[in-house]
Amino acid sequence: MSEMTNSHMPPRFKRPSLLTWLGWLVFLTLFIMGIQHGGVSIDRLSTGFVNMVHFISTAFPPDPSRFSSISAAMYETFQIALVGTVFGVIISLPVALLASRNTTIHPVVGYATKGIVSVLRTIPDLVWALIFVISIGLGPLAGILTITVDTIGFCARFFSERIEEIEKGPSEALESTGGSKLGVMSGSILPIGFASFVGTSLFSVEKAVRSAVILGLVGAGGIGVELSTSMTLRRFDEALMIIILILVVVIVVEQVSQRIRKRLI
């Protein structure tokens, strides 16, 4: 009986290796240095809380006097997100086909395409916005190009992963009947992955709307310009109106996206 009990006992806690101790030491060192460099203290946190209460008390009630111009800027933000996402999704599909190991024209092309997608995904969208603002100037076009690049980095990765997960059976059946590579893609891979592609695209729309708001802070058009101006001029009641409008639009987009995904599933 005792032997059976011992056989079912969990393994004893093993002593951490030297490498594990070093890893924890590095982590704790970086964490403590981060707190020190960040100036984290009880005094600053308490002061920040008081300032936050002051901001909220000053911001209420929200000022709707410029609602028409704020709404126009929010509409521009939504347009930036929508147009940029559509362009990004359209480009992402062929990019994903080139990056996937079961659809690429050559392994070298697949690895190179995946590398490009990783670069697009790694660089933050604010950096892309600054690059495009410097290249083509202020305005919505810089925001659209930023959202497009960011969407390619996001969608192409997940499109490629879904394409690689598709079973080979349908594709091999079409190939056995003499189907071309393009015919195999359009006849099996794209229909099978369609629901996943649409779901990822909808997530990208949600992400793009939130990103487009931030892009306006660096001059890429949209509601971010209005929000930055209101904060700079300390018109907190107007800023609160903008924040509420952003919140409503983001929630509506998320709810519509969720309903469409449920219908597809």
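**Exercise 1.** What does the accessible surface of the chain come to, and what share of this surface belongs to carbon and sulfur atoms?

*Solution.* The accessible surface (Shrake-Rupley method, 1.4 Å probe) comes to about 16,800 Å², and 70% of this surface belongs to carbon and sulfur atoms.

Before you go on, note that this is a predicted model, in which local features need pLDDT of at least 70, side-chain atom pairs count only at pLDDT 80 or more, and totals for chains, interfaces and linings use all residues. Residues are numbered from 1 along each chain as its sequence is written, and side-chain values use heavy atoms, with hydrogens and water left out.

**Exercise 2.** Find how many helices and strands the chain has, and what share of its residues is buried.

*Solution.* Step 1: helices (H or I, at least four residues) and strands (E, at least two) are DSSP runs, numbered from the N terminus. The chain has eleven helices and zero strands. Step 2: buried means under 20% relative accessible area, exposed over 50%, and partly exposed in between (1.4 Å probe, protein chains only). Of the 265 residues, 35% are buried.

**Exercise 3.** Work out how the buried residues of helix α6 are arranged around its axis.

*Solution.* Step 1: α6 covers residues 125-136. From first C-alpha to last it reaches 16 Å, close to the 16 Å expected at 1.5 Å a residue (the expected span is 1.5 Å times one less than the number of residues). Step 2: the buried residues in α6 are D125, W128, A129, F132 and V133. Step 3: seen down the axis, these buried residues fall within an arc of 135° (taken from the directions from the helix axis to the C-beta atoms), so they line one face of the helix. Recall that an α-helix has 3.6 residues a turn, so residues three or four places apart point the same way. Step 4: on the other side of α6, I134 and S135 are exposed.

**Exercise 4.** Is V149 buried or exposed, and which residues does V149 contact?

*Solution.* Step 1: V149 is found in helix α7. Step 2: its relative accessibility is 13%, so V149 counts as buried. Step 3: contact means heavy atoms within 4.5 Å. Leaving aside neighbours within four places in sequence, V149 is in contact with L120, W128 and F132. W128 and F132 are among the buried residues of α6.
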